[in-house]
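Please read them alongside the model.

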Amino acid sequence: MKKIPCVMMRGGTSRGAFLLAQDLPQEEKLRDEVLIKIMGSGNALEIDGIGGGNPLTSKVAIISRSNDPKADIDYLFAQVLVHEQRVDTTPNCGNMLSAVGAFAIEKGLINAAMPTTRVRIRNVNTNTFIEADIQTPNGVVEYEGTSKIDGVPGTSAPIALTFLNAAGSKTGQIFPTGQQIDYIDSVPVTCMDMATPVVIIPAEYLGKTGYESAQDLDADRELLARIESIRLQAGEAMGLGNVSNKVIPKPILISAPQHGGAINVRYFMPHSCHKALAITGAIAIASSCVINGTVTLQVTPGTHDGNITIEHPGGALDIHLTNEGDEPATLRASVIRTARKIFTGDVYLP
């Protein structure tokens, strides 16, 4: 049986396999076949692989040294679908990104400094650049610490992520339809591309409060069909083509905050509700809170740059926005996440 070196890591509120690009086939189809076998994709439990039977635990990060002078590391994210044998590399994943710097240091792709190491990461999926500040007090990665993020038990060392060019990550424009509000199926939505393409939908227009549990929303087949209809039309309008086999744009239901935050959200991945919130999606949501003309401002009063708290099913997530210019395109977003190394070894292919 063929074996491939593998590190299983939790990054933020996701978990997945971290692999070196050099250990995988270069040809895309062969590479994806290997990833499907590693995860056990195509089975609800992913019983014949190391996937967890959930989109949040069926993810892969593929890492290599970067040839780009603006980056140290290249990171290709792969979403390995659970119920069908398919791999999607169109989106980024900001949670898995949380563990990329630590993995690169541990694998010797970058030398550690003291007390922190800044790793410059290029996300290959979207050609965006991120700075990750990793705790390395003794020249090695420190995972233990006192930072807590909602959706993850316990505490860990903080990892600071700053997204340098999130605007228009996939389409080249923050508002790829050319306007801040579009009407799809008679529902006002905002189609945004900020860290990841999303379609933002006020929950009330779909007959929901926006405070329902993820399980209740997933059980509402009529709701999911309406969301998918909007998502497919938004994908076409955003220039992404037929997105029926893509996980972008991500649909997001929004409503007024309940616990002192800026906004309350339910984030879909895209066909099931996230039990917490994706980092890239959170950046888009936070940005929509400070840009005039979005549907977000119909739900919540406008906020200013700075710390924006987004309420989600697992608690809350803080995004810090700064803007050195006057344009939405110059927005920069930072977030604190955590990561943990779970095991290192070899994964065997059937």
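Is H6 mostly covered or mostly exposed, and how many of its residues are buried?

1. H6 is mostly covered, with 11 of its 12 residues buried (buried means under 20% relative accessible area with a 1.4 Å probe, protein chains only). The buried residues include Ile-279, Gly-281, Ile-283, Ile-285 and Cys-289. Helices are DSSP runs of H or I with at least four residues, strands runs of E with at least two, numbered from the N terminus.

2. This is a predicted model, in which local features need pLDDT of at least 70, side-chain atom pairs count only at pLDDT 80 or more, and totals for chains, interfaces and linings use all residues. Residues are numbered from 1 along each chain as its sequence is written, and side-chain values use heavy atoms, with hydrogens and water left out.

3. The end C-alpha atoms of H6 are 17 Å apart, which agrees with the 16 Å that its 12 residues should span at 1.5 Å a residue (the expected span is 1.5 Å times one less than the number of residues).

4. There are two cavities of 30 Å³ or more. A cavity is a set of points on a 1 Å grid over the protein atoms alone where a 1.4 Å probe fits but cannot get out; lining residues have an atom within 4 Å of a point. Points are joined across faces, edges and corners, and a volume is the space filled by probe spheres set on them.

5. The largest cavity has a volume of about 140 Å³. Of its 16 lining residues, Lys-59, Gln-79, Cys-93, Lys-250 and Ala-278 are the closest to its centre. Strand S4 (73–80), helix H2 (94–97) and helix H6 (279–290) each give two or more residues to this lining.

6. The second largest cavity holds about 50 Å³ of space. Among the residues that line it are Ala-102, Ile-134, Glu-142, Tyr-143 and Ala-339.

Terms used:
1 Å grid on protein atoms, 1.4 Å probe; cavity = no way out; pocket = protein on both sides within 12 Å on 5 of 7 lines; lining within 4 Å. Buried < 20%, exposed > 50% of the residue type's maximum accessible area, 1.4 Å probe, protein only.
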